[in-house]
Amino acid sequence: MNTPPRSRPFVWVVIAASLPMFMATLDNLVMTNALPVLHSELGASIEELQWFVNAYTLAFASLILIASALGDRFGRRTAFVVGIVAFGVGSVLAALSVDPAQLIAARAVQGLGAAGVMPLSLALLSGAVAPERRPLAIGIWGGISGLGVAVGPLVGGAVMEGWNWQAIFWLNVPVAVLAIPLALWALPNAFGDRARIDVVGAVLAGSGVLALVHAIVRGNDDGWGSASVVVELVLGSLLVIAFVGWQLRTRSPLVPLRLFRDRSFSVTNVVGFAFSFGTFGAVFLLIQFLQVVQGSTPFEAALQTTPWTLAPMVVAPLAGIFAPRVGTRPLMIAGLLLQAIALGWIALTMSAEVEYATLVPPFIFAGVGMGLVFAPSATALLATLDVVDHAKASGVNSTVREIGLALGTAVMTAIFVGAGGQLVPDLYVDAARPAIFVGSAVLLVAAGLALLLPAGRSPRAVVDPQAAPAEPSLAR
């Protein structure tokens, strides 16, 4: 029998759910600034440098769904805290690594922890606050997520210039130590559908996503037409198809396919894929542009992009406040259009001689647009679903976005390389421009798809049928 959730102050509930997510987001972006130093200090090859990033991505993407299911079965807070512990342990192992193989393994442990943190963060927050305050809570959550995006490169650049590469991992340890007791105190241990774990579905989904993402991240290096990449793409697709077939047959599916009958859930996932594809692939090229062409250091490049990356901190909470009044659809469409315009603007004005001041207005457009998408998309994802389904829904969305991010970066890099791009000033701009235009076009398509979202202004308050009915005990 479930006991009524304890009453905790609203602000502490939001911090408890968001702080570990911030840690995971921050660390993934901090890592990119450490790669040149790791190349020299650990003697890492180019392939090993890629695996420092990919080991995290692959573990994260392939384990999200099973982590969400474990949270439903054994308690979302329990799985969330286990994820924090795993991320902290992975951070310690990474800081103590003395060769590339150890660091790659540690990064995989971090990815395992992030798989438990990221989707359950939103599900725990949604279930721990009163329905009328849920959009505001999700807006603040989106702003904190944006903060991780913003300060990750800044922290990485500052640490690398003033300290050592191990420090980027040691920074996670005190955050994890604080986050664990805070989560145990502030968040109720909510449960979803406590059916037996769908082991077959977990194996099919995990291996299918692993094969697809692995093929995507190595497609440019090995060649998209190479036998190994093609075989892996086909194998991953077949495993995903088999997973869908199994979900239709089993009594306790890992992902209830009935969720996709919900228009808001389905459209939000498609838009989320396109958003990650178009946005983060372009960001990857633009940060390199500031360093390779403009001659900025990693810290200077991170500082220059703050008009873009800091804007979601302010805009996302405001979007959360206004979402119930104007609806999620117009906010998301406006955000996607602003990002599409910004990327097109950047591509048109990009040159080796362009002044930084010329880039500031489109950076602001892109940041405001990103903030208008973060919180409303999270609200739209869960708007008409029962709370009992929130963990699985968040897990699906995190998986879709991670695949979009990996594919977007790979495709835009392929366009860049295909246009003759190299990491030298004279050959960078002309090759980067068409790739960024592609990102803009994908975001325009995403804006069109967002028109299919329901137009309702105030999502219905949904209640977990297994939770105690004591609404006053929820954080207010």
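This is a predicted model: local features need pLDDT of at least 70, side-chain atom pairs count only at pLDDT 80 or more; totals for chains, interfaces and linings use all residues.
Gln339 belongs to helix H14, which covers residues 328-349, and with a relative accessible area of 2% Gln339 counts as buried, because buried means under 20%.

If its neighbours within four places in sequence are left aside, Asn397 is in contact with Thr268, Asn269 and Leu381.

**The chain as a whole**

The chain contains 17 helices and 0 strands, and 55% of its 476 residues count as buried. Among contacts between residues at least 6 apart in sequence, 84% join residues at least 24 apart. The chain exposes about 18,400 Å², of which carbon and sulfur atoms supply 70%.

**Nonpolar cores**

The largest nonpolar core has 58 residues, and those with the most contacts inside it are Phe80, Ile84, Leu122, Leu125, Leu187, Leu254 and Phe265. Helix H4, residues 100-128, gives this core its largest share, 9 residues. Leu254, for its part, touches residues including Leu65, Phe243 and Lys392.

**Salt bridges**

| Pair | N to O distance |
|---|---|
| Arg76 and Asp72 | 3.1 Å |
| Asp389 and Arg258 | 2.9 Å |
| Asp430 and Arg433 | 3.3 Å |

Asp389 lies in the loop between helix H15 (356-382) and H16, while Arg258 lies in the loop between helix H9 (227-249) and helix H10 (263-292), so this pair ties together parts that are 131 residues apart in sequence. Asp389 is buried, at 7% relative accessible area, whereas Arg258 is partly exposed, at 40%.

Asp430 and Arg433, by contrast, both lie in helix H17 (residues 425-450), where they are 3 residues apart, about one turn of the helix. Asp430 counts as exposed, with 57% relative accessibility, and Arg433 is partly exposed, with a relative accessible area of 22%.

Arg76 and Asp72 are both buried, and together with Lys392 they are linked in a network of salt bridges. Lys392 is also among the residues that Leu254 touches.

Notes. Residues are numbered from 1 along each chain as its sequence is written. Side-chain values use heavy atoms; hydrogens and water are left out. Helices (H or I, at least four residues) and strands (E, at least two) are DSSP runs, numbered from the N terminus. Buried means under 20% relative accessible area, exposed over 50%, partly exposed in between (1.4 Å probe, protein chains only). Contact means heavy atoms within 4.5 Å. A nonpolar core is a set of buried Ala, Val, Leu, Ile, Met, Phe, Trp, Tyr and Cys residues joined through side-chain atoms within 4.5 Å. Accessible areas come from the Shrake-Rupley method with a 1.4 Å probe; for residues, only the protein chains shown count as cover. A salt bridge is a side-chain nitrogen of Lys or Arg within 4 Å of a carboxyl oxygen of Asp or Glu.
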